[in-house]
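Student: I have a structure open and would like to go through some of its local features. Could we take them one at a time?

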Amino acid sequence: METFPKHLSAEDQFEILSRGVEDSLPQGGLLARLKTSVAEGRPLRVKQGFDPTAPDIHLGHTVGLRKLRDFQALGHQVVLIVGDYTGMVGDPSGRSKTRPQLTTEQVESNATTYLEQFHRVLLREPGAGLLPVEVHRNGDWFSRMTFMEIMHLASHYTVARMLERDDFHKRFRENQPISIHEMFYPLMQGYDSVAIRADIEMGGTEQKFNLIVGRALQEIHGQPQQVVLTVPLLPGLDGKQRMSKSLGNYIGVTDAPAEMFGKVMSIPDEAMLQYWRLATDVTNAELRAIELELSDAAINPMGIKKRLGQQLVRQYHGESQATQAQSDFETQFSKRGIPDDLVEVRLPAGELVLHALLVQAGLAKSGGDARRAVSTEHSVEVDGARIDDPMHSIRLAQPLVLRRGRRMVRVVPLHD
């Protein structure tokens with residue numbers, strides 16, 4: 001983690017805190033709040049909410065957490081909202097259909113692991129002059145609301161304004177269902193800011209509408225409107241869609257070192273720089289050097305990818321585990337005669353029969369050719385294991401190495 005000198009000016013803090021931020025609304029708002037904070041000697045209350053819709057957090061979550069850590073290191077008050085009530089609704093941001101609703105028990109179980117995992121990034125015991133993380137569950141206030149109070153909250157926004165959201169607008173235009181409870185989500189997230197009197201709210205770029213609703217509700221309740229900061233979304237293992245548990249394209253912060261390293265090795269080369277920029281602790285100078293390396297066509301990107309894997313494992317598991325994870329990966333592949341620069345083929349995740357996989361991976365010209373390779377030539381291996389049944393079912397969920405004779409490819413799953 002980067003450390004900062006104590007008592008930095010508002011301008012110096014602004015330079016640190018605006019680094020890597022996608023949107024800052026309103027323009028000039030962050031610097032103005034920082035100046036007020038310095039003048040009054042009052043730390044800013046910086047909020048971010050997380051819905052515990054799955055048991056673990058992943059690297060995509062850590063993009064915002066890392067920016068919160070910068071605020072914490074500068075002496076501000078980080079406030080985490082565990083969305084035990086919003087989690088039961090499900091954030092519709094970026095969704096093409098209604099999320100399945102979770103039970104109270106599911107949300108509570110997930111929330112327990114979230115609280116421990118937040119401190120893999122944030123400072124659990126921040127030290128002299130720095131503030132520990134303040135944690136709230138939004139059920140603390142929503143569970144006490146009467147139906148009249150809920151109706152009053154709902155009266156602050158119109159259906160027309162809700163339909164300005166890109167995802168709602170798209171679903172409405174395509175005659176896709178939009179449940180009434182989904183429209184409560186932005187209001188609930190916005191009210192969280194009222195409840196904890198947020199000065200700043202952080203979120204991914206897909207959260208922008210929800211964050212602005214928070215500003216509107218604060219104004220209605222007579223509070224200063226929060227500054228909105230959004231951070232870029234980290235792509236998943238496919239390099240295209242955002243990292244998501246529901247899409248299965250994620251790297252969990254609690255993944256075992258070998259699993260974490262192996263997943264990093266499956267990231268497309270073109271996504272590497274985003275991972276270096278958004279998910280690692282490297283300095284700006286180190287990042288510029290990596291950018292130069294990646295722009296050099298003569299350099300094998302596999303070496304840079306291994307360093308990325310080692311960097312991420314080091315952050316969450318320590319130096320010795322990072323070294324061991326890389327060594328194990330290289331040993332595993334060298335024993336099987338698999339080169340580092342293996343050609344990658346990307347196919348949709350799911351169940352495939354072996355003969356069809358060979359054709360789609362380019363190792364057979366036709367189904368007949370694939371069947372001969374498997375059952376007559378006996379030349380086909382999947383992850384080092386020879387298979388003689390052309391109808392053998394392959395579950396493509398993680399990267400695998402497919403071999404026919406001397407020809408090999410790494411097959412990487414694409415998740416919808």
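Student: In which loop is the place of arginine 197?
Tutor: The model we are reading is predicted. Arginine 197 follows helix H10. Its place is in the loop between H10 and strand S5 (200-204).

Student: What is phi of arginine 197?
Tutor: Most residues other than glycine have a negative phi. Arginine 197 has a positive value although it is a residue other than glycine. Its phi is near 55°.

Student: How far apart are the end C-alpha atoms of helix H10?
Tutor: Helix H10 covers residues 180-196, which makes 17 residues. At 1.5 Å a residue, H10 should span 24 Å, and the model agrees with that. The end C-alpha atoms of H10 are apart by 26 Å.

Student: How many residues of H10 are buried?
Tutor: Buried means under 20% relative accessible area. H10 is mostly covered by that count. Of its 17 residues, the number buried is 13.

Student: Where is histidine 378 found, and what is its phi?
Tutor: Histidine 378 is found in the loop between helix H18 (367-376) and strand S9 (380-382). Its phi is positive, in a residue other than glycine. The value is near 55°.

Student: Does histidine 378 count as buried, partly exposed or exposed?
Tutor: Buried means under 20% relative accessible area and exposed means over 50%, with partly exposed in between. Histidine 378 has 37% relative accessibility, so it counts as partly exposed.

Student: Is the peptide bond from leucine 25 to proline 26 cis or trans?
Tutor: Most peptide bonds are trans. Proline 26 is found in the loop between strand S1 (23-25) and H2. The bond from leucine 25 to proline 26 has omega near -5°, and it is cis.

Student: Why are the buried residues of helix H1 on the same side of H1?
Tutor: The buried residues of H1 (residues 10-17) are Ala10, Gln13, Ile16 and Leu17. They are on the same side of H1 because the arc they cover around the axis is only 120°.

Student: Which helices do the buried residues of H1 pack against?
Tutor: The residues in question include Gln13 and Ile16. Their partners are helix H2 (29-40) and helix H3 (59-73).

Student: Is serine 37 buried or exposed, and what is its relative accessible area?
Tutor: Serine 37 is found in helix H2. Leaving aside its neighbours within four places in sequence, serine 37 is in contact with Arg42, Pro43, Leu44 and His76. Serine 37 is buried, and its relative accessible area is 7%.

Student: At what angle do helix H12 and helix H15 pack?
Tutor: Two packed helices are described by the angle between their axes and the distance between the axes. For H12 (residues 257-265) and H15 (residues 301-317), the axes are 9 Å apart. H12 passes H15 in a right-handed crossing. The angle is about 145°.

Student: How many nonpolar residues has the contact of H12 with H15?
Tutor: The contact is made by residues including Phe261 and Val264 of H12 and Leu308 and Gln310 of H15. By class, it has 3 polar and 2 charged residues. The nonpolar residues number 10.

Student: Which residues is glutamine 310 in contact with, leaving aside its neighbours within four places in sequence?
Tutor: Glutamine 310 lies in helix H15. It is buried, with a relative accessible area of 17%. Its contacts beyond those neighbours are Phe261, Ala322, Thr323 and Gln326.

Technical notes. Residues are numbered from 1 along each chain as its sequence is written. This is a predicted model: local features need pLDDT of at least 70, side-chain atom pairs count only at pLDDT 80 or more; totals for chains, interfaces and linings use all residues. Side-chain values use heavy atoms; hydrogens and water are left out. Axes are lines fitted to C-alpha atoms, for helices over the stretch in contact, and angles run from 0 to 180 degrees between N-to-C directions. Helices (H or I, at least four residues) and strands (E, at least two) are DSSP runs, numbered from the N terminus. A crossing is left-handed if the near helix is turned anticlockwise from the far one by less than a right angle, and right-handed if clockwise. Contact means heavy atoms within 4.5 Å. Ala, Val, Leu, Ile, Met, Phe, Trp, Tyr, Cys and Pro count as nonpolar, Asp, Glu, Lys and Arg as charged, and the others, Gly among them, as polar. Buried means under 20% relative accessible area, exposed over 50%, partly exposed in between (1.4 Å probe, protein chains only). The arc is that of the directions from the helix axis to the C-beta atoms. The expected span of a helix is 1.5 Å times one less than its number of residues.
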